[in-house]
Amino acid sequence: MLRSLRDLDRCSVNATDGDVGDVADFLLDDERWTIRYLVVKAGGFFSWREVLISPAFFKEVDWSTRRIHLGLTREKIEKSPSADLDKPVSRQFEIDYYSYYRYPLYWGSAGIWGAGAYPASLSPGMWSGAPHAPSEAAWDVHLRSAKEVTGYHIHGSEGDIGHVADFIVDDETWEVRYLAIDTSHWWAADKNVLIAPHWATSVDWSKREVHVDLGREAIKSSPPWDSSRVIDRDYEARLYHHFGRADLPGAPPGSR
C-alpha cells in the first residue's frame, strides 16, 4: 500500500522489550529512491540520542496506533554503531552497521534490497563480510535526509512548477514511488500533484532542485492528489496516462 511519509513522522518505535523513541527523520537513497533508515530520537534507556533503524528490522507497522514494532531488543539497538548525523552517512558506516547486526548488504545486486525487492529479504545471521576491502568509493555519500529534500524546487521545461511537500512510499518495499508537489506558490489554485522520482532528468543537490521534462500546462491539468484518500491503481494509471508514461509499476509489459 502507498503511504504518505508524513504518516510515519513522530511514530513510536518499539523494541521487543520496550519503547525506543519516536521517528524524527528518514534517510533516503538518492540512487534508488528508497527509504533506507528511520532516524529515531531515542530516550530513557538510550540517554537521548539518535539511532538509525533499517526497515529490514521491522516486525510490524501498526498504522492505526502509529507504532513500529521491531524484531530487536533495546540493548541491541543501544550498542549499535553511532552515526554523527550532523555529517553525511557514508557507505563505510553502513558496512559497520550491517556487520554489527549480521545482516547482508543491500547494495551490489539488482534488487532494491540486495537480492530481493523487499527489506524482509535481508535476514539476520547472513552477514558474509564486505565483498572486498572498502575502497574510496565506499565512503561516497548516497543518503539524503527526507526533511532536507522537502522544499526542493521542481524545475520543469518552462521553469519552476512547485516544491517537494511530501513523499509517497510503498509500505512493503519502502521505495519512494512519488514526490508530492505543492504548486500553490506558482499558481493561484491550491493544488498538489504527484510526480514519480524516476521521471526526473537530474537532481541538483547543491541548488536544491529536481529537474523534470514536464511543462507547466501538463502539471496544471494533471490528476490532483488528495492526501486524505488512498492512492489506488486507477489513480496511478490515470496519472501515468496523463504524462504519457508506460512504466507503471506492476503493469503488464506494453500496457498503460
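Among contacts in the protein between residues at least 6 apart in sequence, what percentage join residues at least 24 apart? The share is 54%. The model shown is predicted.

**View 1. The whole protein.** Five helices and 14 strands make up its secondary structure elements. Of the 256 residues, 47% are buried. The protein exposes about 12,600 Å². Carbon and sulfur atoms supply 48% of that area.

**View 2. Serine 54 in its loop.** Serine 54 lies in the loop between strand 5 (49-53) and strand 6 (58-62). Its relative accessibility is 0%, so serine 54 counts as buried. Leaving aside residues up to four places away in sequence, serine 54 touches Arg36, Tyr37, Tyr97, Tyr98 and Trp113.

View 3. Glutamate 94 pairs with arginine 91 in a salt bridge. Their closest N and O atoms are 3.4 Å apart. About one helical turn separates the two, because they sit three residues apart in helix 2 (residues 91-101). Both glutamate 94 and arginine 91 are buried.

**View 4. Arginine 177 and aspartate 170.** These two residues form a salt bridge, with the closest N and O atoms 3.4 Å apart. Arginine 177 and aspartate 170 are both buried.

View 5. Arginine 238 meets aspartate 234 in a salt bridge (3.5 Å, N to O). They are four residues apart in helix 5 (residues 233-242), so about one helical turn lies between them. Arginine 238 is partly exposed, at 43% relative accessibility. Aspartate 234 is exposed, at 51%. Elsewhere, salt bridges with shared partners link Asp170, Arg177, Arg233 and Glu236 into one network.

Terms used: Residues numbered from 1 in each chain as written. Predicted model: local features only at pLDDT ≥ 70, side-chain atom pairs only at ≥ 80, totals over all residues. Heavy atoms only, no water. Buried < 20%, exposed > 50% of the residue type's maximum accessible area, 1.4 Å probe, protein only. Contact = heavy atoms within 4.5 Å. Areas by Shrake-Rupley, 256 points an atom, 1.4 Å probe, with all protein chains shown as cover. Salt bridge = Lys/Arg side-chain N within 4 Å of Asp/Glu carboxyl O.
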